[in-house]
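I opened this entry to look up how the parts of one chain meet. My notes follow the order in which I checked each item.

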Amino acid sequence: MADATTDFALTKLKKSVENLGSSTQGYGDPTLMRFLIARSMDSDKAAKMFVQWQKWRATMVPNDGFISDSEVPDELETRKIFLQGLSKDKYPVMIVQASRHFPSKDQIQFKKFIVHLLDKTIASAFKGREVGNEKLIGVLDLQGISYKNVDARGLITGFQFLQSYYPECLAKCYILHMPWFFVSVWRFVSGFLDKATQEKIVIISNEEEKKLFVSEVGEDILPEEYGGRAKLVPIQEVEVKPPENGRTT
C-alpha cells in the first residue's frame, strides 16, 4: 500500500512540475522523494518547491556544475571548514570552526560559499554517480568564539539554504561548546528553522552527550580534539570529482 501511495505521489509530482512549465527529466525518484518528504507528501507543494529549486540552481550555479574555489577565495582563506570522510552511517561529516569565521562583507560570495561547501560535502559521499538521497552531518564548533565571530545572519542563510534548496539532505547537526552569550543568538536563529530541521540539531552540553556524539559519528573520522583519532582535513584539500550527470542533488 505504501509503495502504491508513493508511486502515485511521484507520478502526480512529475505531472505537477510539467504543469508549472518545467520537467523532472534527468532526476531520479530518490531526488524527487526528498521534495515530497519535505512537503509532507503533498505533490503540488513538492512540485512548486522543486521548480523553485531548479530556478535557484540555474541562477546560483550556471551549467549545473560546481562553484569553484576561485569564486570563493575570501571564505576559503580562513580555513574554517573541514571535510572528514564518512560517518558510521556513511554520511559525509563537515566541521565548521566558528572561531575562524567573521561576518562576510560580500554576501554574494558568502552565499556561493555555502553552496560550494554543501555541494562538495554531499558529492564526497558518492563515487561517480549520485543516487539522490544523500545526506550530510554538520558539526558546528563554537569553541573559542567571541562576539566578533557571531553571525546570526550567516547561520540563518545556511540553514535556510538547507531547508529550501537541499531538502532532506541534513542527517544531523551537532553544536559543540556553546558559550552562555550564544544561547540568545541561537534562540533567535532557531525561530527561522522549521520543526523538521530543529529536530535534527543536537546541542552537546555534557560528557555523556559527547561520548554519544563520538560513538554516532565514529572515532576513525573525528579529529583528536573532538574525541576521535583523525586529523582535521580542510575542505580545499579534499578532491571531489563532479558526478557523471553533472548534478549535485
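How much area do domain 1 and domain 2 bury between them, and what share of it is on carbon and sulfur atoms? I worked from a predicted model. I noted about 1,100 Å² buried between domain 1 and domain 2, with 65% of that area on carbon and sulfur atoms. I then looked up which residues of domain 1 lose the most area to domain 2, and found Arg34, Trp56 and Met60. Together these three account for 49% of what the domain 1 side buries.

Next I checked the bounds. The domain assignment places domain 1 at 1-60 and domain 2 at 69-237. I recorded 11 residues of domain 1 and 15 residues of domain 2 in the contact. The C-alpha centres of the two domains are 27 Å apart.

I found 1 salt bridge across the interface of domain 1 and domain 2. I also looked up the salt bridge that joins the side chains of arginine 57 and aspartate 119, with 2.6 Å from N to O.

Last, I asked which elements give two or more residues to the side of domain 1 that touches domain 2. They are helix H2 (29-38) and helix H3 (43-60). The largest share of that side comes from H2, with 6 residues.

Notes. Residues are numbered from 1 along each chain as its sequence is written. This is a predicted model: local features need pLDDT of at least 70, side-chain atom pairs count only at pLDDT 80 or more; totals for chains, interfaces and linings use all residues. Side-chain values use heavy atoms; hydrogens and water are left out. Domain bounds come from an automatic or database domain assignment. Contact means heavy atoms within 4.5 Å. Buried area is the accessible area (1.4 Å probe) that two parts lose on being put together, summed over both. A salt bridge is a side-chain nitrogen of Lys or Arg within 4 Å of a carboxyl oxygen of Asp or Glu. Helices (H or I, at least four residues) and strands (E, at least two) are DSSP runs, numbered from the N terminus.
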